[in-house]
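User: I am new to this structure and would like to learn how to read its features one at a time. Could you start with how helices cross?

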Amino acid sequence: MPPGRSPRWGSQPGRGVREGVLSDNAAERRLTAAATAQDLDELVQHPRGLIPLLRQADTGLPHRLCRDLRDWLTADNGRVLRAWGLQYTDPGPEGTAQDAPSDELVGRPFWTVSDPQVARAVAHLAALRSGVGRQAGTAPAVWPFSRTRIGSQLRNTGALTRDLVAEHAALTVFGVHQQGRGTTVHTPGLSPGSACRLLLVRDAGVDRTAIERRLDASLTSLDTGELAQHLRGLVPLLRRAGIGLDYDGLRQALRRWDDRQRPDEQSRIRSRWDRDFPMESTPQRS
């Protein structure tokens, strides 16, 4: 498990084992095995193997398990995976979280507590990168890194909220950015525009036109998914030059980028990042 996170277990598919004899890592492996099953026959084997342990912990299987098994091989597979992951990373007792999505995280975001020097740092970053191209909540390796606040009803039904999407996108960008770096790339106050300006100032072997093109592609992204994709293409250049990003601010931007409830936010964010990259005042490479 990553620093600062304790999984909670209860009467859902993702709960019930921790109070038993298994360690967190063993329980995690069993849940991950079920979540990554390739077919229904394999999936059924894993809950069956957990039954003696759940009996010992005086915990039953949920009534919705039958529905989850039914939906496993359908288009609703993502909902099932997300529900299991959210139940596993439940930050508090049932009913304590707000049912309405918010911009709040429970505990400190992983990028603020990640230590590149710890033994498992490489494995943690690889887990985050496994979420690239996956819908939020459907990559089991990313589950333990989630801090998103979500109410019990949304959690148990595997709802896909904007907060989940934004956090997942920020985590995958961070996983690509931090790879191979000995110091954290989370740099409060440094926007993508400011980072691109620093990249040119430091003359890190990059072409000005190419950087402008990459930043423009980010600024004109239609939605959060496209924005995250362009940022993942930009951060290897920043990583090579030793330049970070403000991941708290980035998560907020990803959360609000295409929010229909905040139609003006995208233009505000775009203008701010654009101002942080003053084209004409940036020194040209010699």
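**Reading the helices**

Analyst: α8 and α12 cross in a right-handed way. A crossing is right-handed if the near helix is turned clockwise from the far one by less than a right angle, and left-handed if anticlockwise. This is a predicted model, in which local features need pLDDT of at least 70 and side-chain atom pairs count only at pLDDT 80 or more, while totals for chains, interfaces and linings use all residues. Residues are numbered from 1 along each chain as its sequence is written, and side-chain values use heavy atoms, with hydrogens and water left out.

User: At what angle do α8 and α12 cross?

Analyst: Axes are lines fitted to C-alpha atoms, for helices over the stretch in contact, and angles run from 0 to 180 degrees between N-to-C directions. Here the angle is roughly 135°, and the axes come within 8 Å. Angles under 35 degrees count as roughly parallel, over 145 as roughly antiparallel, 65 to 115 as roughly perpendicular and the rest as oblique. α8 and α12 are therefore oblique to each other.

User: Which residues make the contact of α8 and α12?

Analyst: Contact means heavy atoms within 4.5 Å. On the α8 side the residues include Ala166, Ala170 and Phe174, and on the α12 side they include Tyr247, Leu250 and Leu254. By type, the residues of this contact divide into eight nonpolar, one polar and six charged. Ala, Val, Leu, Ile, Met, Phe, Trp, Tyr, Cys and Pro count as nonpolar, Asp, Glu, Lys and Arg as charged, and the others, Gly among them, as polar.

User: Which residues of α12 are buried?

Analyst: Buried means under 20% relative accessible area, exposed over 50%, and partly exposed in between (1.4 Å probe, protein chains only). In α12, residues 247–256, the buried ones are Tyr247, Leu250, Arg251, Ala253, Leu254 and Arg255. They pack against α5, α8, α9, α11 and α13. At the start of α12, a side-chain oxygen of Asp246 lies within 3.1 Å of the backbone nitrogen of Asp248.

User: How are α10 and α11 oriented to each other?

Analyst: Their axes are 8 Å apart and the packing angle is about 155°, so α10 and α11 are roughly antiparallel. The crossing of α10 and α11 is left-handed. Ile211, Arg214, Ala217 and Ser218 in α10 meet residues of α11, among them Leu227, His230 and Leu237.

User: Is Arg208 buried or exposed?

Analyst: Arg208, in helix α10, is buried because its relative accessible area is 14%. A polar contact is a pair of N or O atoms within 3.5 Å; within protein, one must be able to donate a hydrogen and the other to accept it, and residues adjacent in sequence count only if both atoms are side-chain atoms.

User: Where is Asp203 found?

Analyst: Asp203 is in the loop between α9 and α10. Asp203 counts as partly exposed because its relative accessibility is 40%. Its C-alpha atom is separated by 8.7 Å from that of Ala241, 38 residues apart along the chain.

User: What does the secondary structure of the chain come to?

Analyst: Helices (H or I, at least four residues) and strands (E, at least two) are DSSP runs, numbered from the N terminus. This chain has 13 helices and zero strands. Of its 286 residues, 50% count as buried.
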